[in-house]
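Good morning, and thank you for coming. Please look at the sequence and the structure as they come up, and keep them in view while I speak.

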Amino acid sequence: MNTVDAARSVFSFFWFAGRKARRTRLMAALGALPVLAALAIQVQRWVAGAGGPDGVQIFSNVILAFYLQFLVLVLALFYGTSVVSEEVEGKTLTYLTTRPISKTAIILGKYAAYAAWSAILVGAGVLLSFLILASGRLGDPAAWGILAKTLIVLLLGLLVYTAIFTLAGTVLKKSVLFGLFFCFGWETIVQYFPGSTQKLTVMHYLKSILKPETSGPGGLLSFLYVRLEPTSVIVSVLMLLLIAAAALAAASALFSRREYLFDE
């Protein structure tokens, strides 16, 4: 079986297994929080009557901020680090690696399955939140454009962060601790550094993609753009894809060569 077919088989197995996984239910509950928040905000707006910020502005400044700065990071962290670590901790790695499939296919297949579940959880929450808050502007193409860009950026974020944490889970025993520091230390703080230092974060490129339509007073997520020196959209997309590909290639190479001891 070639690598592509093997990766597809691994993907199918873990995709269907993910439906019953406790992790999926937990992440789904977490993903429901912004939807409930959007519903509460919209009810308050209906009770208050006319006036106040537009629903799309609330979606852009509150809901998107929650996903971009927190939920995407958390989903990627716990799905990505578990690609290898759950097999080691559950002592099932031997059964998985003795099958007639390459270790590269295992990494790629599990990564794709977990990234897909993350994308569904995020996409469903974002769409529901948008429909609730933008109910008065559903006929406005500009509002749908904001939703489309939001989904693209969040999907890119999931793909890149999940790849990074897949690599971390392949080489580090305490990969979750590293991931927490990376998410809420490095990514959260360094993105606001002036100069080229901020370009050492994934968040810089994600925000650079959002930036072209968000400048100006009251712009989309304007509070996140303090000291941002945006990279062009094309370069940002290429950098994100390059980071994801490099992380997956490194994870596959290391996983193929490393021996894992269950009694560590």
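Please bear in mind that the model before you is predicted.

Let us stay with this pair for a moment. Are Arg137 and Asp140 buried, partly exposed or exposed? Arg137 has a relative accessible area of 25%, so the residue is classed as partly exposed. Asp140 is partly exposed as well, because its relative accessibility is 23%.

How many salt bridges does the rule give? The count is four. One of them joins Arg8 to Asp5, with 2.8 Å between the closest N and O atoms. Both residues belong to helix 1, which covers residues 3-18, and they are three residues apart, or about one turn of the helix. Arg8 is partly exposed, because its relative accessibility is 47%. Asp5, at 33%, is partly exposed too.

Another salt bridge connects Arg23 with Glu86, and here the closest N and O atoms are 2.7 Å apart. This pair links distant parts of the chain: Arg23 is in helix 2 (residues 22-48), Glu86 is in helix 4 (residues 82-89), and 63 residues separate them. Arg23 has a relative accessible area of 21% and is therefore partly exposed. For Glu86 the relative accessibility is 21%, so this residue is partly exposed. Arg23 and Glu86 also belong to a network of salt bridges that includes Lys110.

Lys110 leads us to the aromatic residues. This lysine lies over the face of Phe14, 4.5 Å from the ring centre. A second case of this kind is Lys207, whose charged end sits over the ring of Tyr192 at 4.6 Å from its centre.

Next, the rings themselves. A pair of aromatic rings is described by the distance of the centres and the angle of the planes. In this model there are 14 aromatic pairs. Phe11 and Trp15 make a stacked pair, with 6.0 Å from centre to centre and 15 degrees between the planes. Both residues lie in helix 1, four residues apart, which is about one turn of the helix. Phe11 is partly exposed, because its relative accessibility is 25%.

How do Tyr79 and Tyr114 sit relative to each other? Their ring centres are 5.4 Å apart and their planes are at 50 degrees, so the pair is tilted. Tyr79 lies in helix 3 and Tyr114 in helix 6 (residues 103-133), so the pair ties together parts that are 35 residues apart in sequence. Tyr79 and Tyr114 are both buried. They also take part in a cluster in which ring pairs link them with Phe13 and Phe14.

Thank you for your attention.

Definitions and conventions: Residues numbered from 1 in each chain as written. Predicted model: local features only at pLDDT ≥ 70, side-chain atom pairs only at ≥ 80, totals over all residues. Heavy atoms only, no water. Salt bridge = Lys/Arg side-chain N within 4 Å of Asp/Glu carboxyl O. Helix = DSSP H or I, 4+ residues; strand = E, 2+ residues; numbered from the N terminus. Buried < 20%, exposed > 50% of the residue type's maximum accessible area, 1.4 Å probe, protein only. Phe/Tyr/Trp six-rings, centres within 6.5 Å; stacked < 30°, edge-to-face > 60°. Lys NZ or Arg CZ within 6 Å of the ring centre and 35° of its normal.
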